[in-house]
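Have a look at the structure first, then read on.

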Amino acid sequence: MLYQTVRPTSLEEVVGNEETIGALSRTLKGTMRPHVYLLHGPYGCGKTTLARIMAKMFGSSERSTFLYNAANTRGIDTVRQILDHCRMTVIDGKPKTFILDESHQLTPAAQEALLDITDSPPDDVYFIFCTTAPKQIIKGIRNRCTDYVMQRLSFTQTMEVLHRACDSQQLDVDKKILEAVAMVADGCSREALVYLEKVQDETDLDTAIRLIVRGTEKDSNIIELGKMLLRVPEKRKRDWKKILNLYYIIEDEPERLRKALLTFFLTNLRKCNSVEDAEDIAKMIRIFSVSVYYGGKSALAALIVKACFGED
């Protein structure tokens, strides 16, 4: 996978989140280095990649870095395994780093079982909790962590990630296609690189956009929803209940659906011939540029109503 191939291996290579990276760099270079960390922020913003870099800075090797995805291994047995590893000496004698991805999905019992070891970890043991939902981690664990927040990238920063990937892999991708990738990725560097891998050999923008949203925009209901939202403002306002009802019958993850709509708007923006139409589509793009990752289906419904009534 491209996003794994071009993954940063040092703090200097990380794009964006300058304040967090700067603060973390100063902490890791200090004489009183903490042993328990919490990295939180939206999915795909680089938390696990940063955790891997931190493990390397702790002096951990591949053998002594243990990555657990709590979405799959979330119970007390996982914690028992971690505690056993803490007591063992790694063959190469390097410090041990335990990265718990999606750590909010650890069961309450599993989190409770980590309280003692995170309160007084051995000198050669480090813990990094990565999560999109820090409030779901019990207070006892959170109080033991040095806390760092990761944010989504700006459009410009996402473009930098894409340009770096193209340069390192010697890819020649049209700038307009890169811009479409950056917009649909919505600040998620991992998604941007996944999309780039899909379209790296494409030269036609429309074809590239269809590849990016394959499995979402091609769905007839999603296309119909996009068309209804691009009707003249009076019709949108009149038919807001129909538009909302259509939305509710679409079985798709809200954040993914929002991005599919954004891509639909982008495609139509390129095709419109009047200033009025361009301004209206640009308004739709502004409204639907707000992430609904945390708010879910109700948050996207609110954006749809906002679009129907012309609020910007």
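In which helix do Glu160 and Arg164 both lie, and how many residues apart are they? Both sit in helix H8 (residues 155-169), four residues apart, about one turn of the helix. Helices here are DSSP runs of H or I with at least four residues, strands are runs of E with at least two, and both are numbered from the N terminus.

Before going further, some housekeeping. This is a predicted model, where local features need pLDDT of at least 70 and side-chain atom pairs count only at pLDDT 80 or more, while totals for chains, interfaces and linings use all residues. Residues are numbered from 1 along each chain as its sequence is written, and side-chain values use heavy atoms, with hydrogens and water left out.

**Salt bridges**

The whole structure holds 10 salt bridges, each being a side-chain nitrogen of Lys or Arg within 4 Å of a carboxyl oxygen of Asp or Glu.

| Pair | Closest N and O atoms |
|---|---|
| Glu160 and Arg164 | 2.8 Å |
| Lys259 and Glu191 | 2.6 Å |

The Lys259 pair links distant parts of the chain: Lys259 belongs to helix H15 (residues 254-271) and Glu191 to helix H10 (residues 189-199), 68 residues apart. Both Lys259 and Glu191 are buried. For accessibility, buried means under 20% relative accessible area, exposed over 50%, and partly exposed in between (1.4 Å probe, protein chains only).

An α-helix has 3.6 residues a turn, so residues three or four places apart point the same way. Arg80 counts as partly exposed at 46% relative accessibility, and Asp77 is exposed at 56%. Elsewhere, Arg231, Arg238 and Asp239 are tied together in a network of salt bridges.

**Strands**

Strand S1 (residues 36-40) has five of its five residues buried, so it is largely enclosed by the rest of the structure. Val36, Leu38 and His40 point one way from S1, and Tyr37 and Leu39 point the other way. In a regular strand the side chains alternate between the two faces of the sheet.

What does S1 pair with? Two strands count as paired if DSSP finds at least two bridges between them. Strand S4 (residues 125-131) runs parallel to S1 over five bridges, and His40 stands opposite Thr131 there. Strand S5 (residues 146-149) is also parallel to S1, joined to it by four bridges, with Asp147 as the bridge partner of Leu38.

Strand S2 (residues 65-69) has a covered face with Phe66 and Tyr68, and an uncovered one with Thr65, Leu67 and Asn69. S2 runs parallel to strand S3 (residues 96-101), joined by five bridges, and Phe66 is partnered there by Phe98.

**A two-sided helix**

In helix H14 (residues 240-249), the buried residues are Ile243, Leu244, Leu246 and Tyr247. Seen down the axis of H14, they fall within an arc of 160° (taken from the directions from the helix axis to the C-beta atoms), so they line one face of the helix. The face turned away from that buried side carries the exposed residues Lys241, Lys242, Asn245 and Ile249.

**Pockets**

A pocket here is an open set of points on a 1 Å grid over the protein atoms alone, with a 1.4 Å probe fitting at each and protein on both sides within 12 Å along at least five of seven lines; lining residues have an atom within 4 Å of a point. Volume is the space filled by probe spheres set on the points.

The largest pocket has a volume of about 720 Å³. Of its 29 lining residues, the closest to the centre are Arg7, Pro8, Gly46, Thr49 and Ser189. Helix H3 (47-58) is among the helices that supply at least two lining residues, and H3 gives the most, with five.

The second largest pocket holds about 310 Å³ of space. Its lining includes Arg7, Pro8, Arg52 and Glu62, and H3 again gives the most, with four residues.
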